[in-house]
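Work through the two exercises below with the sequence and the coordinates open, and try each task before reading its solution.

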Amino acid sequence: EEMRLRVLGGKDRLERWRARVLLGRLTASLAKLRREHGEQPKGPAPPALPKLPLPPYVRLGVDRFEQGDGEGYHRARGAEDGSEFCGMMVGGRRHGLGSVRWRDGGEYHGDFVHGVPHGQGMYVYPDRSQYHGAVSNGCPTGVGHLTEPFGERFQVRYDGTGPFSSPPLDKREDPPEPFVPVKAESVSFTKSPMVERRPDGTPFPNNHPHDYSHCRDVTGRICWARPPLADVPLWNAAEMRGKICVVMRGPRAPGPAVNYNVKMHYAQEAGAIAVIVCDRDPKGRFSTLPRIEEGAGVVMPDGKVFKCTIPTSFTLFRFLDSCQEGAMARLMFAPISGTCDFHIGPPGWKIGSIIIDRQESKVGLSKEKATALMQEFFAARKGEREVEERLLKEEKERGGTGDKEFVTGSLLNSLNPMG
């Protein structure tokens, strides 16, 4: 109880962090003792948090694969349709989990079978509407969800015979659920100058001191990178500005390695205010301190020298679903472990938290509702002006203007949008 009070009413942030750590350790120890003695916790069990759905383009493939020409993970451009593709290939065809963007701006992220979208996925329309659901031979099928650019969500049904541009058989409003309040653990990236490489390309040990000058607390909306590995310039760069960018670690071996620097660079170029890298391994844990290199010699694929200027953190796979698209989140960092009598993790580590408070989903008006609302407003204003004109006419007939001054004739008509 004393630790709880310290967490809530600590004099400063450092004292509250210490109390929170001690409270967690005490709670875990108490639960262990109860289990050993066969005691059951008193009171009702805390409600379990609902399992949050993952975006279809961040699911992990677990099958083994060979990396080679036309096999494994590739970044390729379609010769016929000019499309861009990032994902798994078999026999030179798109097969497995991947992302593709066509010339018209449409995107698909999800499952491919023999070169065709098939399975579960998300289609992004050129107007930025999004369809989430099942896909059969490149066509939406069954019941899915359509989110319009204004944020309004609908439940839609397709028969699987028409392209994504075809109208659904059924469409009804289906407001999204409120965001789930969660807190996820993370560890900050430390940065350093470029480390020399051995002849085989592996780096020598990095003995540079930890540098966390880029880390600061930030608040912003979460936006998943598209494509999720952020190994190419982000396709949703226009939506990323001013938001916290979430990317996936990978691709996994034996796919071509993508340096953290590249992911951070493309997020910065898109205008993100912070980057969260999610581990791809369900059994992963915080075992090594993640590092990024910057400065002279660290040249990006676009020819620019990389310098990290925004907060960056690494979180585990089990916290993946905490990064809810569109939620307002706080990325907070504790003091460096081993300083100021603060000890969380190995010395020199900087621990962070991803906090999502209770909030409603961000939903706006659809174009149809917005148009109907505007028409209703203009109709009401037209009725008010007709009343004003009638009162003005009656006042003139009585030979006065009363206490209210009315603007006459042509000006009223010119201001009336309904004609």
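**Exercise 1: strand pairing**

Strand β7 (residues 139-147) runs antiparallel to β6, and six bridges join the two. The model is predicted, so local features need pLDDT of at least 70 and side-chain atom pairs pLDDT 80 or more, while totals for chains, interfaces and linings use all residues. Residues are numbered from 1 along each chain as its sequence is written, and side-chain values use heavy atoms, without hydrogens or water.

Solution. Begin with the terms: strands are DSSP runs of E with at least two residues, numbered from the N terminus, and two strands pair if DSSP finds at least two bridges between them.

**Exercise 2: salt bridges around E107**

Task: determine which residues are linked with E107 in a network of salt bridges.

Solution. A salt bridge requires a side-chain nitrogen of Lys or Arg within 4 Å of a carboxyl oxygen of Asp or Glu. The side chains of R128 and E107 meet this way at 3.0 Å, N to O, and those of R226 and E107 at 2.8 Å. R226 lies in the loop between β12 and α3 and E107 in strand β4, so this pair ties together parts 119 residues apart in sequence. Both R226 and E107 are buried, that is, under 20% relative accessible area (1.4 Å probe, protein chains only). The network links E107, R128, R226 and E239.

Conventions: Helix = DSSP H or I, 4+ residues; strand = E, 2+ residues; numbered from the N terminus. Buried < 20%, exposed > 50% of the residue type's maximum accessible area, 1.4 Å probe, protein only.
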